[in-house]
Amino acid sequence: MRSTTGWQADSTTPTLRRAALERRELRPDDIAVRVDYCGVCHTDLHALQALGSDTNGVLVPGHEFTGVVAEVGSAVSDFSPGDPVAVGNIVDSCGTCRMCQAGQENFCREFPTLTYGGTDRQDGSTTLGGDSREYVVSNRFAYPLPAGLDAAATAPLLCAGVTVWEPLQALGVGPGSTVAVAGLGGLGHLAVKMATALGATTSVISRSPDKAHEARGLGAEGFIVSTDAEQMEAVRDHFDVVIDTISAPHDLAPYLRVTAMDGTLSHLGHLGPVTVETMDLLIGRKKLSSAGSGGRPSTAAMLHFCAEHGITADIELLPSSEVNKALERLGRNDVRYRFVLDMSDLD
């Protein structure tokens, strides 16, 4: 086994503590990545909160990271030591189902192997995440980090970025499209940047009027206060695509009302149950969809697009020793717009 260091929690407490970790020896198709920067995601918070119900649980979070190849397996030809790489929240899939064959490993019928909390398909071990100094991953699920992209600010693209990229692409957003992004957080700010770069006329819908300046700084042309009935009525049936990134449970009806005829509301932020009145869909032939993460082709395309357009996340960079502080602040939505941990203090 390979030894490294990371931030680990167990069922006795959700607080992450520095701990010695073991990684598998390299399989022929593996690469070992020295993790330099790892993003902090709401999924990390949820996983830590759920850990207390698992009496045998051990968790190392982190599923959006960048780093440098340290070593390659005997069958790897696409990467060499020293190459900058990026890894997201999926590290394996069955490779044979219709979803995988379509390049949508994120929808694998057998469920993809997640970067942490997943089950390794070969030895049955539980995967431990990127909040560590080294990660071992199949080369198929590592991506070259394009030149010109800041490594720290690119890390969130591997989760938040591809999560909004997938529906923007699937729904054909481009010049002539009108897009609204509901919620201006880790997902939302990247959706604004990407939709604008794709050529869409982009607006932000937020309950916070003081975010108008921020939204326009990210490229949004319009800003609508969701609690202002007149403003919401003024854009009724207006947007071809509404990207809903709000993480808390909420009523979808107001966002369906601002969706244009034959338009789509893509519900991304909150993954719990929703209630929809059929009439809100019927009037205007509106559609409700969702998406999550991305397959290998989509992730590679997203990174290429972001490099071409200079898109990265707006981040607050912290030493990894402040991971618990970052999680506590994230729980209060006290970040603009994504925390990223510098893992070099684990040396």
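The residues lining the largest cavity divide into five nonpolar, six polar and two charged (Ala, Val, Leu, Ile, Met, Phe, Trp, Tyr, Cys and Pro count as nonpolar, Asp, Glu, Lys and Arg as charged, and the others, Gly among them, as polar). There are 13 lining residues, of which N89, I90, Y143, G294 and T299 lie nearest the centre of this cavity. About 80 Å³ of space lies inside, and the count comes to one cavity of 30 Å³ or more. A cavity here is a set of points on a 1 Å grid over the protein atoms alone where a 1.4 Å probe fits but cannot get out, while a pocket is an open set with protein on both sides within 12 Å along at least five of seven lines; lining residues have an atom within 4 Å of a point. Grid points are joined across faces, edges and corners, and a volume is the space filled by probe spheres set on the points.

Please keep in mind that this is a predicted model, in which local features need pLDDT of at least 70, side-chain atom pairs count only at pLDDT 80 or more, and totals for chains, interfaces and linings use all residues. Residues are numbered from 1 along each chain as its sequence is written, and side-chain values use heavy atoms, with hydrogens and water left out.

Now to the second largest pocket, with a volume of about 350 Å³. Its lining has 22 residues, with R24, D120, S125, T127 and V136 nearest the centre, and divides into six nonpolar, six polar and ten charged. β2 (13-23), β7 (90-92) and β9 (134-138) each supply at least two of the lining residues, and β9 gives the most, with four.

Let's step back to the whole chain, which has eleven helices and 18 strands (DSSP runs numbered from the N terminus: helices are H or I, at least four residues, and strands E, at least two). Its radius of gyration is 20 Å, close to the 20 Å that the globule rule gives for 347 residues, so the chain is as compact as a globular protein of that length (taken over C-alpha atoms; the rule is 2.2 Å times the number of residues to the power 0.38).

Finally, follow the open sheet of six strands, ordered β13-β12-β11-β14-β15-β16 with parallel pairing (two strands pair if DSSP finds at least two bridges between them). β13 (222-225) and β16 (287-289) stand at the edges with a single partner strand each, so one side of each is left without a neighbour in the sheet. β15 (residues 259-267) pairs with β16 over three bridges in the parallel sense, and L288 in β16 is the bridge partner of L265.
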